Amino acid sequence: MTMRFTSKAVLEQLHGFQRATVEHGFRRLYLDGDSTRRFLVADETGLGKTHVARGIIAKTIEHLQDDDAVKRIDIIYVCSNIDIADQNLRKLMVSTVHRKTPATRLTMLVAQPELLEPLPDDALKPVTFLSFTPATSFDFGWQTGKAEERAVLYLLLKDVRELQRREDTALRRILQGNVGSLDGFERYIDIRKRGGEDGMPRWEPGIHRLFMKTYRSSQLRDRVEGLVETVSGRPGLTKEQHGLARQLTAELRQMLARCSVKALDPDLIILDEFQRFSDLLATGEERSEAAELANHLFEQETARVLLLSATPYKPYTPADEAL
């Protein structure tokens, strides 16, 4: 017999004013005839906006588990700091039965197929909790990301066509980034390979398929392969080639992130201290590439957005969080 989730236990932990906010917010997002796709909860620090968000999450899951059109419930939490994202994500988990997902990056979803795989038929409808920060998932600029991201990119690009030994070495040098040696970067690649059978990585099929199609037909492929050809057989990269490698890596990360957004089907997106993300919420022709990517997520048909705001406070986020 299929288990059912109920929001009762979560709501019983709330104060009366918090429960009232949950009920009103949920009704405006999902039930009213003139329902809205975005709802703002604004209060002073310490009044429990995270508890309110937890209550709305519980009500959302309870509501959507009976909707046959919803095959998997995706809850996405966005805040400005990686450590806080990880900490608050644990607070927002409404049941230990639901799938626990660590704070992650859009570019790493392709290497985590288990996050988007259906659970057994006799379990609860799959509920996936994901947490992102603007710096690590939307705003790429010239950033090359973490070594594990570049290892994923290396393995994906090897799927496009077979590389000669010198070309393979050149590609690893291009994606090596700030790792001190090729051997050091190879260790990150080996970790990715261990996730699959026969020493081959496991990919989320939808993201992998879309990335392969997008990359193969893009001008970015010509530019990457042009640099590979130039670097092949040389002991290292020149200063100019290092700069080009950083730019191409950032563009590859952005392409993979776009493909990942299309694979997600968010039901509830929570923007914590949303006023810090005014650039991501921008509309019109002047919005940035980061805003374009974020809005692809926010504007999906199924998505409802919960905006949280309290007394301004901005934790320090070191620049190397995105390195």
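The crossing of α6 and α9 is right-handed, a label used when the near helix is turned clockwise from the far one by less than a right angle, with anticlockwise giving left-handed. This is a predicted model, in which local features need pLDDT of at least 70 and side-chain atom pairs count only at pLDDT 80 or more, while totals for chains, interfaces and linings use all residues. Residues are numbered from 1 along each chain as its sequence is written, and side-chain values use heavy atoms, with hydrogens and water left out.

Helices here are DSSP runs (H or I, at least four residues), numbered from the N terminus. Axes are lines fitted to C-alpha atoms over the stretch in contact, and angles run from 0 to 180 degrees between N-to-C directions. Here are the two packed pairs.

| Helix pair | Angle | Axes apart |
|---|---|---|
| α6 (residues 147-158) and α9 (residues 205-216) | about 70° | 11 Å |
| α11 (residues 239-263) and α12 (residues 289-298) | about 20° | 9 Å |

The angle therefore makes α11 roughly parallel to α12, whereas α6 and α9 are roughly perpendicular to each other. Angles under 35 degrees count as roughly parallel, and those from 65 to 115 as roughly perpendicular.

Where α6 meets α9, L153, L156 and L157 face H208, F211, M212 and Y215, counting as contact any heavy atoms within 4.5 Å. By class, six of these residues are nonpolar, one is polar and none is charged. In this scheme Ala, Val, Leu, Ile, Met, Phe, Trp, Tyr, Cys and Pro are nonpolar, Asp, Glu, Lys and Arg are charged, and the others, Gly among them, are polar.

Turning to the other pair, the crossing of α11 and α12 is left-handed. Helix α11 brings Q254, A257, R258 and V261 to the contact, and α12 brings E289, L293, H296 and L297. That contact has four nonpolar, two polar and two charged residues.

A search of the whole structure finds one cavity of 30 Å³ or more, a cavity being a set of points on a 1 Å grid over the protein atoms alone where a 1.4 Å probe fits but cannot get out. The volume of the largest cavity is about 90 Å³, taken as the space filled by probe spheres set on the points. Its lining, made of residues with an atom within 4 Å of a point, consists of L157, V160, R161, L163, L171, Y215, V224, E225 and V228. Helix α10 (residues 219-231) gives the most to this lining, with three residues.

Methods
Helix = DSSP H or I, 4+ residues; strand = E, 2+ residues; numbered from the N terminus. Parallel < 35°, antiparallel > 145°, perpendicular 65-115°, else oblique. 1 Å grid on protein atoms, 1.4 Å probe; cavity = no way out; pocket = protein on both sides within 12 Å on 5 of 7 lines; lining within 4 Å.
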